[in-house]
Amino acid sequence: MNRFVRNRLQRIQDETRSTAAAKPPDVDRWSRFDKWFVRLSHIAQVGLFSVTVFGLYFTVIPLYQKAALEEQIAKRESELHAAELAIKRTYAGLRDYAVREFVFGAGAQCSGLMEPPKSLRPDLTEATAGESPKASWLTRDVRACLDHQLRQSRSLSELNAIDRSFMEARVRALAARLEGERPAVVKRLQLFPKQALADRTLLPPPGEFGAAAIDICHRLDDPTRCNQPKLELELRISEGQRRIEMDFADRVRSELLSLRSMDWQTNEVAPSH
């Protein structure tokens with residue numbers, strides 16, 4: 001049995017060697033090529049995988065990072081725009097307050113509102129001479145008064161250089177206009193008593209306080225203590241002069257109020273009310 005097996009194995013080995021010896025050389029060459037093709041295919045797959053990883057790392061990831069960065073930048077720009085808008089609104093509110101404060105202060109100081117009350121009765125001796133019967137705020141320079149208020153305003157000093165220069169230019173322009181009108185108003189004030197004595201139709205009613213004084217004088221019914229016709233004349237002349245002063249005072253305040261509607265050169269957002 002063992003001998004039979006050995007013979008069978010020997011015969012198989014001989015057949016194998018004879019088959020290998022009889023195999024054409026081309027088959028052997030193509031077999032080697034097939035092996036190299038498989039190897040190259042594996043190498044190509046590894047290379048393609050490497051290129052894919054390289055492209056993912058150096059192309060896709062940076063693009064994603066860039067998109068995320070752009071989104072953050074856009075968000076920060078939106079926040080910055082909102083902050084700038086809030087700053088502009090705050091500054092516009094400060095500017096509006098500064099102008100209102102200046103208009104209020106200058107309107108009081110430069111239009112006679114802060115003057116102490118004076119006697120209702122003018123001096124007719126001076127009036128007939130054509131001179132100013134009483135000291136009046138109109139004798140002061142309106143331009144100098146407004147310029148002083150500009151220098152004293154702390155709120156205006158908080159404005160930026162452009163707005164402050166613009167504000168000063170507007171105030172000085174209207175101050176020049178008012179100062180140009182003031183001498184004519186002073187002249188009217190000086191001449192009114194003389195003109196009223198010559199033409200009684202120019203005299204206005206004596207006013208509320210004057211009427212009360214005349215009524216008291218009438219009740220006394222004593223010409224030695226109160227001369228009613230003379231008192232009434234004096235009070236009506238005083239009322240006429242007061243109206244001349246008030247007309248110009250209203251003119252001063254009206255000019256100052258126009259500052260609140262200025263078109264500023266800087267484009268800050270107006271405060272919301």
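The model is predicted, so local features need pLDDT of at least 70 and side-chain atom pairs count only at pLDDT 80 or more, while totals for chains, interfaces and linings use all residues. Residues are numbered from 1 along each chain as its sequence is written, and side-chain values use heavy atoms, with hydrogens and water left out.

**Exercise 1**

Work out where Glu-255 sits and whether Glu-255 is buried or exposed.

Solution: 
- Step 1: Find the helix. Glu-255 belongs to helix α8, residues 228-257. (Helices are DSSP runs of H or I with at least four residues, numbered from the N terminus.)
- Step 2: Check the accessibility. Glu-255 has a relative accessible area of 10%. Buried means under 20% relative accessible area, exposed over 50%, and partly exposed in between, using a 1.4 Å probe and protein chains only. So Glu-255 counts as buried.
- Step 3: Look for neighbours. Leaving out residues up to four places away in sequence, Glu-255 touches Leu-174, Arg-177 and Leu-178. (Contact means heavy atoms within 4.5 Å.)
- Step 4: Compare sequence and space. Glu-255 and Gly-107 are 148 residues apart along the chain, yet 9.3 Å separates their C-alpha atoms.

**Exercise 2**

Take the salt bridge between Asp-147 and Arg-151, and describe its two partners.

Solution: 
- Step 1: Recall the rule. A salt bridge is a side-chain nitrogen of Lys or Arg within 4 Å of a carboxyl oxygen of Asp or Glu.
- Step 2: Get the distance. The closest N and O atoms of Asp-147 and Arg-151 are 2.4 Å apart.
- Step 3: Use the helix. Both residues are in helix α4 (residues 142-152), and because they are 4 residues apart there, about one helical turn separates them.
- Step 4: Check each partner. Asp-147 is partly exposed at 21%, whereas Arg-151 is exposed at 54%.
- Step 5: Zoom out. Asp-147 and Arg-151 are part of a network of salt bridges that also links Arg-164, Glu-168 and Arg-172.

**Exercise 3**

Solution: 
- Step 1: Arg-164 is partly exposed, at 22%.
- Step 2: Move on to Arg-182 and Glu-179.
- Step 3: Check accessibility. Arg-182 is buried at 13%, and Glu-179 is buried at 11%.
- Step 4: Finish with the total. The whole structure has 14 salt bridges.

How values were computed. Helix = DSSP H or I, 4+ residues; strand = E, 2+ residues; numbered from the N terminus.
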